[in-house]
Structure formats: C-alpha cells, structure tokens
Amino acid sequence: MTLTVHHLGVSQSDRVVWLCEELGIDYDLEKYDRSPIMAPAEYKELHPLGSAPVIEDGEVKLAESGACVEYILQIYGNGRLIPKPGHKDYPNYLYWFHFANGTLQTGLVKLMVLSTLGLGESNEDVKRHYVRQSQFLEFMDQRLSKVSWLAGDQFTAADIMNVCCLTTMRCFMPYDLGPYPNILAYLKRVAARDGYKRAVEKGDPDLDIEKLIGATPPPMQKGLAAALQARGG
C-alpha cells in the first residue's frame, strides 16, 4: 500500500512532506487547513492525541514527527540521509536530529505558552526563556560557521528536523534571525533544494519561501493573527 502523509498546514508535519520529496518516494498527501488556529476535528480524529503529523502505511498509523521521519527513513530510505554508524558525522547527526525536538522546538513552545498568557518581555520568566533561546540559536549559528549542514558536509535528516523551527514555527512564535548570519546562509542553501521547494509548493503553497527564510519573521499564521487582533494584541 502507498504511504499516506496527513499534513496539517503550517505545522511541523512539513518535515514529513519534505522528507518524502527528498527521498523521491511515492506517497499520498492529505492536507488539512487549521480551524482557525488548531487542527480541524477530522485531523484530531486521526490519532488519540490529535497531534500532527500522522502517517499511515498499511496497518501502521504513526504520530510524532521524529518517529514519522525515522520510520520513513528506515522503511523507504535505503540508507539515504543518515550517516552510517562509524561514519565521522554519525554522532553529530544523532545530536542535531534530537536537538530539534529536544531543545530548539521545546524552547520555542515555552515562549509561545508564555506569550499566550499575556506576559510581557519584562517578565522574569519570559526574559529567562528568551536568553535561553538566544543561546540555542547562537550555538547553532556557531556550528554552521564550520559546516554546510548540521551533521557535517552532507545534507541529512537532521536538517529536515531542525529547519521547521527556523521557518514555519516563526509564523506562531516570531523571532528575528538577523543576529545569526550563518543560520541565514544555511536557510538559503535549504531553499535552493528542489525537494524543499516541492514540499512547500505541495504542502503549504500559501507560504512564501523567501519570507520563511528571511531575517525578519514571516507573516503570522492567519488564525492566530486574527485572534490577537481581536484581543487587541
């Protein structure tokens, strides 16, 4: 049976769409618009936790972006986009693959939660999390001053896992990439990849790649922007 990717617009499920395009595998793409901020009811019915992404492959139904990416790599990847154990880049691949959800995205989600509580940047908790997030980005920027891709010289799934936090997530948690020239240069390399361009065109055609990879944040997700405007934020 054909792999099915259930993609929620403007979400971390873009990782899975991008991976499939980079691998050049056959898959069915089912797209869902946000309603207006969260996933619609039909998407939430796909998994008990209502989370995105979700993939289906025969009798297999799987959520969690990292799990979906690993599953597709192991079942369909034929060794592509993963350095082999023993390769000089393998430890860095593992680190940066898990850095995405374990560190970078977690920090952004914390800031998103604090912002929904209406806490200003003068709040001590907010200030502390902004400092921590800046440390994460500076650490990544330093890494990218030495290598073209996060694991080393070759593009890998570690890049697929992290780019969402630098692009799509800024539609919900805006932050400036101006202080990080090596991240900006890295995102230009990402945007030049045919697989990435196809993934955005298929999964999120309303998003402008040049705005996603720019120093200033891309436009806020429409539902969130409307909610903040109604709230006077």
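Mentor: The chain has ten helices and four strands. Helices here are DSSP runs of H or I with at least four residues, strands are runs of E with at least two, and both are numbered from the N terminus. Along the sequence the pattern reads β-α-β-α-β-β-α-α-α-α-α-α-α-α. The radius of gyration of the chain is 17 Å, close to the 17 Å that the globule rule gives for 233 residues, so the chain is as compact as a globular protein of that length. That radius is taken over C-alpha atoms, and the rule is 2.2 Å times the number of residues to the power 0.38. Along the principal axes, the C-alpha atoms fill a box of roughly 50 × 45 × 30 Å.

A word on the source. This is a predicted model, in which local features need pLDDT of at least 70 and side-chain atom pairs count only at pLDDT 80 or more, while totals for chains, interfaces and linings use all residues. Residues are numbered from 1 along each chain as its sequence is written, and side-chain values use heavy atoms, with hydrogens and water left out.

Now the sheet. It is open, has four strands in the order S2-S1-S3-S4, and its pairing is mixed. Two strands pair if DSSP finds at least two bridges between them. S2 (27-32) and S4 (60-63) are the edge strands, each pairing on one side only. Neighbouring strands are turned by 15° against each other on average, direction ignored. S1 (residues 3-8) and S3 (residues 54-57) run antiparallel and are joined by three bridges. Val5 stands opposite Ile55 in S3.

Next, the helices on the sheet. H1 lies across S1, S2 and S3 and runs at about 140° to S1. H3 also packs on the sheet: it touches S1, S3 and S4, and its direction makes about 135° with that of S4. Axes are lines fitted to C-alpha atoms, for helices over the stretch in contact, and angles run from 0 to 180 degrees between N-to-C directions.

Finally, the helix pair. The axes of H1 (residues 14-23) and H3 (residues 65-76) come within 9 Å and cross at roughly 15°. That makes H1 roughly parallel to H3, a label for angles under 35 degrees. Arg15, Val16, Leu19, Cys20 and Leu23 of H1 meet Ser65, Cys68, Val69, Ile72 and Leu73 of H3. Contact means heavy atoms within 4.5 Å.

Conventions. Parallel < 35°, antiparallel > 145°, perpendicular 65-115°, else oblique.
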